[in-house]
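Let's take a quick tour of this structure. Have a look at the sequence and the fold first, then work through the points below.

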Amino acid sequence: MRNMIRQMFLALVIGALAAITTGTAAALAATPQTYAVESLSPSDGAVVGIAHPVTVRFATPVADRARAERSVTVGALPGSFTWHGDRELVWQPRGFLPAATRLTVAAGTARTEFRTDGGTTADADMSAHTFTVDVPGQPPRVMPASMGKPGRETPVGTFPVLERDRSVVMDSRTIGIPLSSPEGYYITAQFAERLTWSGVYVHSAPWSVDQQGHENVSHGCINLAPDDAQWYYSVVRIGDPVTTHW
């Protein structure tokens, strides 16, 4: 009789321990892993263009990239991910973000909310030598332009405006051309919008006004007349798309 009672007691203890272990494992499995976030862009309250990416900078290196990507949502919008190193994740929308819309970003432990502008876009036609800007609610503005000359062609694609600068120093050495070369230059450009980190800009170029609308003579940038460049600078936001094509 004692052996039977002892066996029943042991069976109850083992069952209880098994239930506790199983419950703990289930609770851990149900708890999603979160990641500490150092910074989010666009910042909270920002107003940006419809091609602006979302950049997440994690506080520590990320080993499980797929899990980190699943922690990022931008409203309910579809998009794609690109990693820059093991801490920086960039989300790009599929197509453009909806215009004039408030969007909430969730990434790991962080949240931010930003708004898109009305959807200003620009089109650089390198064959027609034109730069056309479409501001919603206004007639398109078609401007003569000069893009990259043969051997220094402006890259083809759609680029969000990365920076706006009232003036910026342009140094040919940054693209591998010595100042002593006949192609060398060191100039200050006005009303400039950066399209690539390698140095492609839209900017004022009074020195190429005679070629604008007729010939591509730049080292890759999109040259505009001073008045046109100043007008574009006044209407463009960070994240507005510029599409270049032939």
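Strand E13 gives the most residues, four, to the lining of the second largest pocket. This is a predicted model, where local features need pLDDT of at least 70, side-chain atom pairs count only at pLDDT 80 or more, and totals for chains, interfaces and linings use all residues. Residues are numbered from 1 along each chain as its sequence is written, and side-chain values use heavy atoms, with hydrogens and water left out.

**The second largest pocket**

- This pocket has a volume of about 280 Å³. (A pocket is an open set of points on a 1 Å grid over the protein atoms alone, where a 1.4 Å probe fits, with protein on both sides within 12 Å along at least five of seven lines; the volume is the space filled by probe spheres set on the points, which are joined across faces, edges and corners.)
- It has 16 lining residues (those with an atom within 4 Å of a point), and the closest to its centre are Thr174, Ile175, Tyr185, Ser198 and Gly199.
- Sorted by class, its lining has eight nonpolar, five polar and three charged residues. (Ala, Val, Leu, Ile, Met, Phe, Trp, Tyr, Cys and Pro count as nonpolar, Asp, Glu, Lys and Arg as charged, and the others, Gly among them, as polar.)

**The sheet and its helix**

- E13 also belongs to an open sheet of four strands, in the order E13-E14-E15-E16, with mixed pairing. (Strands, E with at least two residues, and helices, H or I with at least four, are DSSP runs numbered from the N terminus; two strands pair if DSSP finds at least two bridges between them.)
- At the edges sit E13 (163–171) and E16 (222–224), each pairing on one side only.
- E15 (residues 201–204) pairs with E16 in the parallel sense over three bridges, and Ser204 stands opposite Leu224 in E16.
- Helix H3 (residues 226–235) lies across E13, E14 (186–194), E15 and E16, and runs at about 40° to E14. (Axes are lines fitted to C-alpha atoms, for helices over the stretch in contact, and angles run from 0 to 180 degrees between N-to-C directions; contact means heavy atoms within 4.5 Å.)

**The largest pocket**

- The largest pocket has a volume of about 370 Å³.
- Of its 16 lining residues, Pro53, Thr55, Val90, Leu162 and Trp197 are the closest to its centre.
- Strand E6 provides the largest share of this lining, three residues.
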